[in-house]
Amino acid sequence: MTDAIDPKYFRQVMGQVPTCVTVVTTMVDGEPKAMVIGSFVSVSLDPPMAGFFCTTDSYSWQQLQEGRALGVNVLGADQIDVSNACMREPDERFDGLDWVDVDGAPRIAGTAAFITMTLDQIVDAGDHQFALCNVTSMDMPDEPIEPVIFYGGRYRTLAAEST
Ligand SMILES: Cc1cc2nc3c(=O)[nH]c(=O)nc-3n(C[C@H](O)[C@H](O)[C@H](O)COP(=O)(O)O)c2cc1C
């Protein structure tokens, strides 16, 4: 533990870094599982890789590791309710959601992007683990949907493009 960095201030300063809001999903024993993830990141083009960070002792992260595929649902600006739904108790997260099983990766309707992946490596990173994954398929609407953003501990939408 480093005395120099106060955890509260760490969170406050890191809150200045805007992130995406994704719901990472899998199927376990025929049941859909989901975890809201803001740390999703593109990693490599060749081979295509992407990843995300999870709290090491997260129950939801343990569940994601049990599936054979992962789905990354990049939430649109009008899908804050989907993020809130996926912050409920693990077995209630899909209640009322419109989704389909895409080869073991639940796809939520109306997202800005949908990416399927398989887990390649788990890398220890302090009190988190980095899930380094191989991208197996990608899709987005023909007419792009703007994403929701997480900033300063709150959901935001993008302002009009600056010139
Ligand atoms: C916008 C947003 C982004 C989040 N990003 C992450 C993340 O990148 N990694 C993580 O471990 N938890 C993240 N969380 C928290 C997890 O979604 C949450 O702790 C988890 O689903 C709760 O289940 P658990 O108690 O089984 O871990 C995020 C939550 C929100 C609302």
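## Ground rules

Because the model is predicted, local features are given only at pLDDT of at least 70 and side-chain atom pairs only at pLDDT 80 or more, while totals for chains, interfaces and linings use all residues. Residue numbers start from 1 along each chain as its sequence is written. Helices (H or I, at least four residues) and strands (E, at least two) are DSSP runs, numbered from the N terminus.

## The seven-stranded sheet

Let's start with an open sheet of seven strands, in the order S3-S2-S6-S9-S10-S5-S4, with antiparallel pairing. At its edges stand S3 and strand S4 (41-44), each with a single partner strand, so one side of each has no neighbour in the sheet. Neighbouring strands here are turned by 40 degrees against each other on average, direction ignored. Two strands count as paired if DSSP finds at least two bridges between them.

Take strand S2 (residues 22-28) and strand S6 (residues 70-74): they pair in the antiparallel sense over four bridges, and Val 23 stands opposite Asn 73 in S6. Helix H2 lies across S2, S3, S5, S6 and strand S9 (113-125), running at about 125 degrees to S3. For such angles, axes are lines fitted to C-alpha atoms, for helices over the stretch in contact, and the values run from 0 to 180 degrees between N-to-C directions.

Three bridges join strand S11 (residues 149-151) to S12, and Ile 149 has Arg 156 in S12 as its bridge partner.

Then there's the hairpin of S7 and S8. These two pair in the antiparallel sense over four bridges, with Val 100 opposite Arg 107 in S8. Two residues sit between the strands, and Asp 103 takes a positive phi near 50 degrees in this hairpin. Strand S8 (residues 105-108) is covered on both faces: Ala 105 and Arg 107 are buried on one side, Pro 106 and Ile 108 on the other. (Buried means 20 or more other C-beta atoms within 10 Å of a residue's own, exposed means 12 or fewer, and partly exposed is in between; C-beta atoms are placed from the backbone.)

## The nonpolar core

A nonpolar core is a set of buried Ala, Val, Leu, Ile, Met, Phe, Trp, Tyr and Cys residues joined through C-beta atoms within 7 Å. The largest one has 30 residues, of which Val 23, Val 24, Leu 70, Val 72 and Leu 75 touch the most other members. The elements giving two or more residues to this core are S2, S3, S5, H2, S6, S8, S9 and strand S10 (128-139).

Leaving aside neighbours within four places in sequence, Val 24 is in contact with Met 35, Ile 37, Phe 52, Leu 64, Leu 70, Gly 71 and Val 72. Contact here means C-beta atoms, placed from the backbone, within 7 Å.

## Around the ligand

There are 16 residues around the ligand, and Val 36, Gly 38, Ser 39, Ser 58 and Tyr 59 come nearest. A residue is near a molecule or strand if its C-beta atom, placed from the backbone, lies within 6 Å of it. Strand S3 (31-37), strand S5 (49-55) and helix H2 (59-66) each supply at least two residues of the shell, and S5 gives the most, with four.

The shell divides into ten nonpolar, six polar and no charged residues. In this count, Ala, Val, Leu, Ile, Met, Phe, Trp, Tyr, Cys and Pro are nonpolar, Asp, Glu, Lys and Arg are charged, and the others, Gly among them, are polar.

## An exposed glycine

Finally, look at Gly 96, in the loop between helix H3 (80-85) and strand S7 (99-102). Gly 96 counts as exposed because it has 9 other C-beta atoms within 10 Å. Gly 96 and Phe 52 are 44 residues apart in sequence and 26 Å apart in space, C-alpha to C-alpha.

Conventions. Contact = placed C-beta atoms within 7 Å.
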